[in-house]
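Student: I would like a close look at a single part of this structure, and then at what lies around that part. Please take me through the details in one go.

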Amino acid sequence: MIRKQFAIFTAVLVSVAILAAGCSGQSQETNHDTDGTRKIVSYEQMQEEYKDSVKKLAWPEGYTPANEVSGENPDVSYQEGYGDTRASQAYECAWAKQWLATYSSDSSKAKEALEALEKVPEMGYMSTERADDATRRFFRDYLDRAKLGDPSGFQEDVEANCPE
């Protein structure tokens, strides 16, 4: 019980940190290529980044991702990568829900979901620039459990991080 509470607390804390890091009232721009920091982009650019990322991702059959990032302030700036992070989080949630819905009833769809989830650690939002070691470790643990048929990790993750 304590471990579950710690996992949920950590997942929520990491999500808040990612969201807070993505927003900024700054209007200055920095060059990601030369000094290691990410460029600051407008709300509109962040939304375009999200849409571009959504188009590049393969979604579960019958799932339609949101048309844009909701709940964000259009009057502030965002770090480059924030739109991609939000699209990637939606991807992770969609496939985790797909696996949870099929792991005990449809081995073909469950396998497809696990194959999609295996791509998550290589996605930009799980990079060292956008996620910490604990986030990557928790995800790897959830994925390892799922491969053994244990839904508890993705159940915790979906409950803590996936709206709906």
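Student: Which residues does Gly81 touch, not counting residues up to four places away in sequence?

Tutor: Gly81 touches Arg38, Glu49 and Arg130, when residues up to four places away in sequence are not counted. Contact here means heavy atoms within 4.5 Å.

Some ground rules come next. This is a predicted model, in which local features need pLDDT of at least 70 and side-chain atom pairs count only at pLDDT 80 or more, while totals for chains, interfaces and linings use all residues. Residues are numbered from 1 along each chain as its sequence is written, and side-chain values use heavy atoms, with hydrogens and water left out.

Gly81 sits in the loop between β3 and α4. Helices (H or I, at least four residues) and strands (E, at least two) are DSSP runs, numbered from the N terminus. Gly81 counts as buried because its relative accessibility is 5%; buried means under 20% relative accessible area, exposed over 50%, and partly exposed in between, with a 1.4 Å probe and protein chains only. One of its contacts, Glu49, is 32 residues apart from Gly81 in sequence, yet the two are 7.4 Å apart in space, C-alpha to C-alpha.

Helix α4 also holds Ser88. With a relative accessible area of 2%, Ser88 is buried. Leaving out residues up to four places away in sequence, Ser88 touches Leu57, Met123 and Tyr125.

Now the aromatic rings. A search of the whole structure finds ten aromatic pairs. Rings of Phe, Tyr and Trp (its six-membered ring) pair if their centres lie within 6.5 Å; planes under 30 degrees apart count as stacked, over 60 as edge-to-face and the rest as tilted. Among the pairs is Tyr43 with Tyr78, which is tilted, at 6.3 Å centre to centre and 50° between the planes. This pair links distant parts of the chain: Tyr43 belongs to helix α3 (residues 43-56) and Tyr78 to strand β3 (residues 77-79), 35 residues apart. Tyr43 counts as buried at 15% relative accessibility, and Tyr78 counts as buried at 0%.

Another pair, Tyr91 with Trp95, is edge-to-face, at 6.4 Å centre to centre and 65° between the planes. Both residues lie in helix α4 (residues 82-102), four residues apart, about one turn of the helix. Tyr91 is buried, with a relative accessible area of 3%, and Trp95 is buried, also with 3%.

Finally, Trp99, Tyr103, Phe138, Phe139, Tyr142 and Phe154 form one aromatic cluster.
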